Structure formats: C-alpha cells, structure tokens
Amino acid sequence: MGVSLVAVSMTEPDSRQAEKDLVVRARQGEQAAFEMLYRQHVGRVYALCLRMTGQPALADDCVQEAFIRAWRKLPEFRGQSAFGTWIHRIAVNQVLGHKRSSKRQGAHLELLAGQTAGASSPAPETAGFDIENAIARLPEGARDVLLLCGVGGFSHEEASSMLGIAVGTSKAQLHRARRLLKEQMDVR
Amino acid sequence: MSTRPENTDADARLDKALNELPLEILPKSDLWPNISQAIANGRGQPARGSRRPLLVRLAIAASLVVVSSMATSWWIAQGDGRQVKLAGNGEFAALVGPVILPASYDETRVPGARYLQDRAELVQVLEEQILLLPEETRQKVAGDLLAIQHALQDISRELTGDPGNLLLQQFLLTMYRRELMLLDDLNQITAAVKAQRTQI
C-alpha cells in the first residue's frame, strides 16, 4: 500500500506525527484513517501473532480481534505510548487469551515453513540453521519474550507488561531462549 | 546477553540470525474487509464468513423457538396468548422465572451449576439490555419466552406423574437448552446494539 511507502520516505519525527494525526482522525470515527494504521502495522503484528501461535488461522483471528478491539478502545488511547506498541500489547493479550482458552499447544510446529515464504524477505538460514523452526521449538515463555525483546525490539519493561510477568522473569526467559537457540545451533 | 569469550561467536551468529528474521509477515489474505465489516456492525468480534448479519441474527433469535421443531411447536401452541411488553422493572426476570425441576427428577439429568449460573447472569444482564430492542421485537421475544415457560411447566407437570419417562426428560432438557440459546442470542444482539449506539 502507498501508506507504507509514504511513511518510509518521511523522517522519523514526521512519521510519528503522521501516525498521531491518523490516530486522532481514527478516534473521531474516520475508518479510512484507521485502515491506514492497520496497513502500517499489520505486518509486524501478524508476524508476532504467527510466531507466538504457530498457527496461521489463529494468528489471523488474533490480528482481526486486536484491530477490532483497538478501534473500540481508541477513545481510551491517550498516546502515552506509540500506536505500534499499543496495538502489539492488544495483540499479545489476544494471543494469551486464546492460549488460555485452548490448550492446543501441540500444533505449534506446523508453523511458518509455508507462511514465511510470503514474507517480505525469505526466512533466514544462517549456515544451515533454520531460526524460525528453532524459535518455534522453544518453551512458550522463553519464545514469547524472545519474540518481543529479541526480535520485536521491545524493552523488558514493555515485554513484561504485555506478558504479565516480572521484568526479572523476562530477562531470565530471554537468557534461556538464547541459550537454547545457541545449543540448537551447535548441534548443526 | 552473555559476554563470555567462548560464547562470543555463538552470540554473534545468533544475533545475525535474529536480525535477518523478517520483521513483517503479511497474512495470506487481506484481513481488513472482515475488520471493517465488524467495525461497521459495531461488533466486538471479527466477522468471519459464517457469521450472520445483525438483522438476520435478530430475526433468527426472535423466531428461534417458533420454528425450532414440531415438538416445540406443540408445546408452544398451549400458550395463553398473554402479551408481555418487557418494559423493565424486573419484568424480564419474572417472565423467565426460576428453573423448575420435578422433585422426582433424575439427578443425572438436572441442569448443572454452570448452566444455572450462566442463566442467572444472562437474565440479570438482559433485564436492562432488552430495553434496547424495539417494542415490537420485545413483544415477540416475550412471546417466545412465555411459550418456553408454558412448555417447561407442562413437561414438569407430566414428569411428576411419570418421572421415569425418558422422552419427557429429554423434552425438558431440550427446552432449557433452547431457552439458554435464546437468552444467549438476545445477549449478543442487544450487546451489539449497545455497542453500535455507543459508537454513534
């Protein structure tokens, strides 16, 4: 979509201001503005949901529900954080809610092989190491923190708040995730 | 991150692999049309293909009992034609009434505590939310609920004289199930109407 290209060509402060303007317009009920916000963020939000759930259909549901909830909660969004952080937080809540209600964790490894083929760049294989599948094999808690902090660039404070865990736990889980991934790399 | 010398190479390779992961992955199909539709409908949940438009669901809910089955129709035909408007002030709770169970009823078939709790919560919520529906629709809903109540009373009376009758027991359970479905549909519909009004 043109929206993403426009955002890329702007300087960062311009881009942030443009996003704030979109949020204001969306809060006033302008669906077109909300669609632009959706187009800007859906790729990152979907990537997170897909990697957290391992199930494309469930990731679809979580993303849809997250944006619908975001629309309904827009009047409460005061802009203390970036819209991107806020929508990620809502999406993570959706994923965690689904995980709590359905204990279907066994299907996680049906993951990404086909789905990342449609990504903007191919799934990386560093020296024969399939990082996507290695992440999918991580224990849930370690995986979630790694995806937020190690891949998504969120701070431990943000990740712990999204996941409902202590900052210390977030740090420990990231350390654990990295150790497990390195072990898998060494096996190769 | 570890800074131990023996881990430096592994850490660097891991960081490289993580940095190369695509940050964005697009869903296979565009999700916006569903999101847009759900927003337009004022619903709090995504619109999936199988979901029905609000007005269709409203019509289905209002006619749920009437068209459900031949057996139900027979019981409904016993109604007294009384008109209830459901105008608040506890009328809804009074119409739905308590769960009636014959003293001799087979305990294994008694509606469980979860059912009773769900039913009580729905009745409480609907006491107010039902007022969001047009009066004509409320009358229709009241007629359906009244018909269910008549059916429940009739079945219970019959069961008192014939407690081992499995068909009657099944009727009773079916009727309670239909009542709960109707209440649940009403709850979803009135909640959607409420959300729509809030957004406007």
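This is a predicted model: local features need pLDDT of at least 70, side-chain atom pairs count only at pLDDT 80 or more; totals for chains, interfaces and linings use all residues.
Helix α7 of chain B, residues 135-161, holds 27 residues that at 1.5 Å a residue should span 39 Å, and its end C-alpha atoms are 39 Å apart, which agrees with that expectation.

**Chain B**

- Eight helices and zero strands make up the secondary structure of chain B, so that, in the order of the sequence, the pattern reads α-α-α-α-α-α-α-α.
- Of the 200 residues in chain B, 24% are buried, and the buried residues of α7(B) include B:R138, B:V141, B:A142, B:D144, B:L145 and B:L146, with B:A147, B:I148, B:A151, B:L152, B:I155 and B:L159 also among them.
- When contacts in chain B between residues at least 6 apart in sequence are considered, 76% of them join residues at least 24 apart.

**Confidence in chain B**

- The mean pLDDT of chain B is 71, with 66% of its residues reaching 70 or more.
- Over residues 44-81 of chain B the pLDDT stays under 50, and for this stretch the model has 61 contacts beyond four places in sequence.

**The contact between the chains**

- Chain A gives 36 residues to the contact and chain B gives 26 residues.
- On the side of chain A that touches chain B, the elements giving two or more residues are α3 (31-53), α4 (56-73), α7 (140-151) and α9 (167-187) of chain A, and the largest share, ten residues, comes from α4(A).
- By residue class, that side of chain A divides into 17 nonpolar, ten polar and nine charged residues.

- The 18 residues of α4(A) reach 25 Å from the first C-alpha to the last, close to the 26 Å expected at 1.5 Å a residue.
- Because 14 of its 18 residues are buried, α4(A) is largely enclosed by the rest of the structure.
- The axes of α4(A) and of helix α2 of chain B, residues 32-41, come within 10 Å and cross at roughly 35°, and the crossing is right-handed.
- This contact is made by A:Q64, A:F67, A:I68 and A:W71 from α4(A), together with B:N34, B:I35, B:A38 and B:I39 from α2(B), and its residues divide into six nonpolar, two polar and no charged.
- An α-helix has 3.6 residues a turn, so residues three or four places apart point the same way.

Methods: Residues are numbered from 1 along each chain as its sequence is written. Chains are lettered from A and ligands numbered from 1 in the order in which they are written. Two residues are in contact if their C-beta atoms, placed from the backbone, lie within 7 Å. Helices (H or I, at least four residues) and strands (E, at least two) are DSSP runs, numbered from the N terminus. Ala, Val, Leu, Ile, Met, Phe, Trp, Tyr, Cys and Pro count as nonpolar, Asp, Glu, Lys and Arg as charged, and the others, Gly among them, as polar. The expected span of a helix is 1.5 Å times one less than its number of residues. A residue is buried if 20 or more other C-beta atoms lie within 10 Å of its own, exposed if 12 or fewer, and partly exposed in between; C-beta atoms are placed from the backbone. pLDDT is the predictor's confidence in each residue, from 0 to 100. Axes are lines fitted to C-alpha atoms, for helices over the stretch in contact, and angles run from 0 to 180 degrees between N-to-C directions. A crossing is left-handed if the near helix is turned anticlockwise from the far one by less than a right angle, and right-handed if clockwise.
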